[in-house]
Amino acid sequence: MKKSLFVLITLLLILSGCAPKSISKDLSVFNWQDYIPESVLTDFQAQTGIKVVYDTYGSNEDMYAKLLGGANYDVVFPSTDFVPRMIQKDMLLKLDTTKIPELANLEPSLASKNTWDPKDDFSIPYNIGSSAIVYWKDKVTVDEASSSWSILDNTAYANRIMLMDDPREILGAGLKFNGFSANSTSADEIAKAKTTVIGWKKNIVKFDNDLIKSAFAKKEIWVALNYPENQFAELEEADKANVGIFFPKEGGVMFLDVMAVLKSAKNVDNAYTFINFILKPENLAKIYDEYGYSGGLYPKTMSLRKAAPRYDVASLSKKSEVRGDVGENLKLYDAAYDEIKVSK
Amino acid sequence: MKSRSGSLYSLPLTTWISLFFLVPMLIVFVYSFLARETGGGVRWEFDLSAYAEIFRQTASGSFIYLDIVGYTLIMAVSATLLTILIALPCAYYIARSKNNTLLLFLVIIPFWVNFMIRIYAWVAILGQSGILNESLLAMGVLKEPIQFLFNDYAVLVVLVYTNLPFAILPLFTTIEKFDFGLLEAARDLGASHNRSLWSVLLPNIRGGLVTAVLFTFIPIFGTFAVPDVMGNSNVFMLGQLITSKLKFTGDYPMACSLSVLILLLSAAGLVVYTVYNNRQEQQHQVVIAEDEL
Amino acid sequence: MTKLTLSRSIFWTTIAFLFLPLVVLMIFSFNDGRTMVWKGFSWRWYESLFTNQPRLWMAVSNTLIVAFTASTVATVIGTLGAIAINWYRFKAKTYVRAMSFLPLILPEIIIGVSLLIFFRMLGLELNLFTIILAHISFTIPFVLLMVMARLGEFDYSIIEAARDLGANENQTLTKVILPISVPGILAGFITAFTLSLEDFVVTFFVTGSGSDTLPIFIYNQIKRKLPPEINAFSVVLVGVTVLILFLARRSIKYFVQRS
């Protein structure tokens with residue numbers, strides 16, 4: 001019996017050794033979920049013959065943790081608040097922008113807002129957007145005065161509100177409501193923001209990134225703070241007209257995601273090919289259309305789009321800011337967020 | 001001869017443990033004393049703040065993190081108790097049945113469905129527009145749907161649900177070995193049915209009971225997926241905190257210091273277990289010694 | 001027997017409780033719509049499952065390979081170790097006893113991250129191999145406990161008796177110890193297999209590109225709309241298992257009785 005056991009084990013170990021340990025890859029891409037549709041990847045593979053292995057993550061922190069742990073990819077899509085950090089840690093490859101002709105199509109006004117990578121040495125802008133208050137029109141009335149963060153304080157919507165689970169977004173909301181910057185590094189300001197959010201908690205069912213979509217779609221909640229594209233993705237077509245969005249007038253938190261190549265990348269040339277392919281107006285247009293992103297970074301794509309974007313980035317409050325790196329002060333945000341989660 | 005076999009049998013275990021338990025453990029321990037690198041990772045400098053943070057007090061005087069530990073303890077104890085209470089009669093029934101393997105598989109089968117899917121199935125059941133509400137409305141018990149989800153009780157239900165087999169299995173293993181003739185004997189001696197179960201069966205399955213409690217309590221204590229999905233904004237357990245530290249804030253040192261804390265708390269329980277086992281051991285060792293003479 | 005009636009009703013109620021989500025899944029696997037709102041009976045998700053989901057099946061195959069390999073190795077290591085701890089003396093005993101239960105106390109996340117860092121230190125590339133290593137590591141304690149719980153109820157005198165009858169070490173092991181441990185070994189193997197099948201947290205950290213197991217695949221999908229093919233898959237999986245068990249029940253009975 002011992003012998004047959006050993007034989008069995010040996011066989012199984014051999015089997016696991018023969019198992020495809022990893023698909024042979026010419027390019028490995030690490031991206032957010034819902035950021036590049038399957039069709040675009042297939043097109044890329046068809047046109048260039050490069051096989052792509054595509055993994056996804058749900059948050060910058062996830063991505064960062066995996067990369068720190070040593071996971072190996074060629075192309076990643078961090079957000080701007082992570083880029084300075086990654087540059088500093090020498091994780092990103094300095095790009096030769098002459099190899100990326102499509103970069104010339106970038107909206108020029110953006111260059112001035114670029115605090116994270118002024119020369120676009122390490123990162124290529126990919127998508128910009130903002131979280132918004134999404135609501136059911138038949139349950140919630142919104143006008144000029146009420147399109148504010150104070151809607152979260154309205155007891156008429158008690159237990160009908162869900163917020164996304166993200167420290168920068170939530171504290172950002174608190175900060176903006178109090179008139180501060182969403183990238184504040186002041187302990188006092190963050191503390192005030194925290195107190196505000198704790199005050200909102202009585203109305204909030206949950207901080208969540210997944211159930212927020214389905215609960216909203218089922219009308220179990222009426223107000224949600226989330227990226228509009230994600231919220232709408234779960235709605236039935238017929239319901240979409242009945243759902244509204246607004247950007248609080250005090251301003252909100254915007255995100256900007258970029259493409260970057262890892263210094264440890266094994267397929268650098270393929271990476272450039274991939275980036276250029278994605279930036280081609282017709283491909284970008286396809287991507288933005290697929291998920292309803294607002295676009296706005298590369299004007300040439302606008303004419304090629306088949307569906308109107310859900311919102312125009314230009315319509316965002318002038319007070320909205322792009323999420324930036326707060327350096328060491330991130331500790332303040334984290335501690336504040338923990339406190340919010342724990343307070344009753 | 002005997003001591004050689006002992007070493008031989010234990011060799012694979014010892015090697016594996018040293019390599020894959022000890023080293024990661026040391027990593028966790030070391031990391032808890034390092035400084036935190038913003039955004040994730042550690043800086044190789046000695047820093048006790050990961051531990052100091054645990055005792056942090058807010059302006060209003062509450063110990064945020066210690067409160068979380070307390071809350072988690074309460075939830076874990078409740079869930080464990082419930083699970084064991086249900087698992088005992090089930091394991092008893094299976095052990096006394098002729099088809100015990102079949103029944104065991106019945107218990108295990110639902111768990112071949114993926115964990116995440118099972119949790120989301122409970123959302124479909126307990127949700128406001130879920131099956132439970134639909135049935136209660138249809139039966140006229142309710143006028144309006146109640147949100148059964150997003151509270152402590154929903155978390156408890158699903159915690160019990162996900163841990164039942166891990167309580168039933170070890171209990172079954174022990175009860176199965178129990179000589180039920182002893183129960184008959186006890187009843188012949190005049191003990192009532194319940195009395196014989198309480199005084200004869202339970203003491204003899206202590207080993208399995210302890211195992212079942214261990215198997216149930218510890219995973220529940222560190223759980224994060226269940227409270228994350230089923231809980232509301234006021235539910236925050238230790239596992240969620242550690243996940244948050246690792247995934248959201250990249251605070252490795254504190255995630256590790258919290259883990260060390262959990263380790264210390266559980267070490268106490270394990271010491272008890274080992275001492276108990278040692279006492280059993282001594283009985284055997286006496287026999288071994290005699291054998292060697 | 002009055003007691004059996006009570007435990008019988010508790011047992012079957014529990015089974016109903018355990019199967020409830022499964023039934024819900026089954027109902028919606030036949031739903032003609034994508035969401036949890038009933039739209040009519042349909043086989044379409046079953047069709048789609050078998051024709052349209054190559055990545056799902058890849059993940060399934062990975063999961064099975066990992067589960068079988070890891071639980072077998074863990075069972076062997078754990079069983080031998082349990083026997084050693086229970087009845088033999090050896091130098092590292094206290095150390096082994098204390099260390100073996102470590103993974104039980106550490107939250108899975110910590111196990112995942114620490115193993116990840118460790119693997120990287122060793123220069124290992126993340127793939128099925130690292131997943132298997134990780135799975136073996138956290139399932140061994142369960143096997144240990146299961147087998148030890150079983151062994152602990154036996155008296156050492158059994159081994160004495162075997163010795164008196166002239167058995168050597170090998171025979172004692174194969175003809176005395178192992179047979180009586182079978183329920184514990186079986187319980188240990190099943191537990192290890194189940195744990196490996198559905199493990200998500202640890203796997204998430206030690207998985208590499210292209211080596212997704214089923215839980216990782218599902219987790220990635222669950223963030224958007226969960227493709228109903230997964231409901232169909234769960235039903236198929238359970239159905240197949242039940243079928244195999246049903247067909248094999250006689251041989252299982254025989255095997256268990258032999259111990």
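User: How many of the 293 residues of chain B count as buried, as a percentage?

Analyst: In this predicted model, the figure is 48% of the 293 residues of chain B.

User: What makes up chain B in terms of helices and strands, and what does its C-alpha trace span along its principal axes?

Analyst: Chain B contains 13 helices and two strands. Its C-alpha trace extends over about 65 × 65 × 35 Å along the principal axes. Of the contacts in chain B with a separation of 6 or more, 65% are between residues 24 or more positions apart.

User: Is Asp251(B) buried or exposed, and how do you know?

Analyst: Asp251(B) has 28 C-beta neighbours inside 10 Å. The threshold for buried is 20 or more, so Asp251(B), with its 28, counts as buried. Asp251(B) sits in the loop between H12 and helix H13 (252-292) of chain B.

User: Which residues does Asp251(B) touch, leaving aside those up to four places away in sequence?

Analyst: Asp251(B) touches Asp334(A), Arg36(B) and Lys245(B). Leu238(B) is 13 residues from Asp251(B) along the chain, and their C-alpha atoms are separated by 15 Å.

User: Is Glu282(A) buried or exposed, and what decides the matter?

Analyst: Glu282(A) has 12 C-beta neighbours inside 10 Å. A residue is exposed at 12 or fewer, so Glu282(A) counts as exposed. Glu282(A) belongs to helix H11 (residues 281-291) of chain A. Between Glu282(A) and Met302(A) the C-alpha to C-alpha distance is 9.6 Å, and the two are 20 residues apart in sequence.

User: Why is H6(A) called roughly perpendicular to H12(A)?

Analyst: Helix H6 (residues 167-177) and helix H12 (residues 330-342) of chain A pack at an angle of about 85°, and their axes are 10 Å apart. That angle makes H6(A) roughly perpendicular to H12(A), because the label covers 65 to 115 degrees. The residues in contact are Pro167(A), Arg168(A), Ile170(A) and Leu171(A) on H6(A), with Tyr333(A), Asp334(A), Ala336(A), Tyr337(A) and Ile340(A) on H12(A). Seven residues of this contact are nonpolar, two are charged and no residue is polar. Asp334(A), one of the H12(A) residues here, is also touched by Asp251(B).

User: Why is H3(B) called oblique to H7(B)?

Analyst: H3(B) and helix H7 (residues 152-177) of chain B pack at about 40°, with 6 Å between their axes. The pair is oblique, because roughly parallel needs an angle under 35 degrees and roughly perpendicular starts at 65. The crossing of H3(B) and H7(B) is right-handed. By class, their contact comprises 22 nonpolar, three polar and two charged residues.

User: At what angle do the axes of H3(C) and H9(C) cross, and what is the handedness of that crossing?

Analyst: The axes of helix H3 (residues 54-87) and helix H9 (residues 169-198) of chain C come within 8 Å and cross at roughly 145°. This crossing of H3(C) and H9(C) is right-handed. Among the residues making the contact are Ala67(C), Ala70(C) and Ala74(C) of H3(C), and Ile185(C), Gly188(C) and Phe189(C) of H9(C). The contact of H3(C) with H9(C) divides into eleven nonpolar, eight polar and no charged residues.

User: How many residues of chain B are in contact with chain A, and how many with chain C?

Analyst: Against chain A, 24 residues of chain B meet 26 residues of chain A. The elements of chain B giving two or more residues to that side are helix H3 (64-96) and helix H12 (238-248). That side has eight nonpolar, 13 polar and three charged residues. Against chain C, 82 residues of chain B meet 89 residues of chain C. Helix H1 (residues 2-31) of chain B supplies the largest share of the side that touches chain C, 20 residues. The side of chain B that touches chain C has 54 nonpolar, 22 polar and six charged residues.

User: What are the domains of chain A, and how many residues of domain 1 are in contact with domain 2?

Analyst: The domain assignment gives domain 1 (23-128 + 254-311) and domain 2 (132-251 + 317-342) of chain A. Their C-alpha centres lie 27 Å apart. From domain 1, 16 residues are in contact with eleven residues of domain 2. Helix H4 (83-88) and strand S10 (253-261) of chain A are the elements giving two or more residues to the domain 1 side. S10(A) gives the largest share of that side, three residues.

Terms used. Residues are numbered from 1 along each chain as its sequence is written. Chains are lettered from A and ligands numbered from 1 in the order in which they are written. This is a predicted model: local features need pLDDT of at least 70, side-chain atom pairs count only at pLDDT 80 or more; totals for chains, interfaces and linings use all residues. Two residues are in contact if their C-beta atoms, placed from the backbone, lie within 7 Å. Helices (H or I, at least four residues) and strands (E, at least two) are DSSP runs, numbered from the N terminus. Ala, Val, Leu, Ile, Met, Phe, Trp, Tyr, Cys and Pro count as nonpolar, Asp, Glu, Lys and Arg as charged, and the others, Gly among them, as polar. Axes are lines fitted to C-alpha atoms, for helices over the stretch in contact, and angles run from 0 to 180 degrees between N-to-C directions. Angles under 35 degrees count as roughly parallel, over 145 as roughly antiparallel, 65 to 115 as roughly perpendicular and the rest as oblique. Domain bounds come from an automatic or database domain assignment. A crossing is left-handed if the near helix is turned anticlockwise from the far one by less than a right angle, and right-handed if clockwise.
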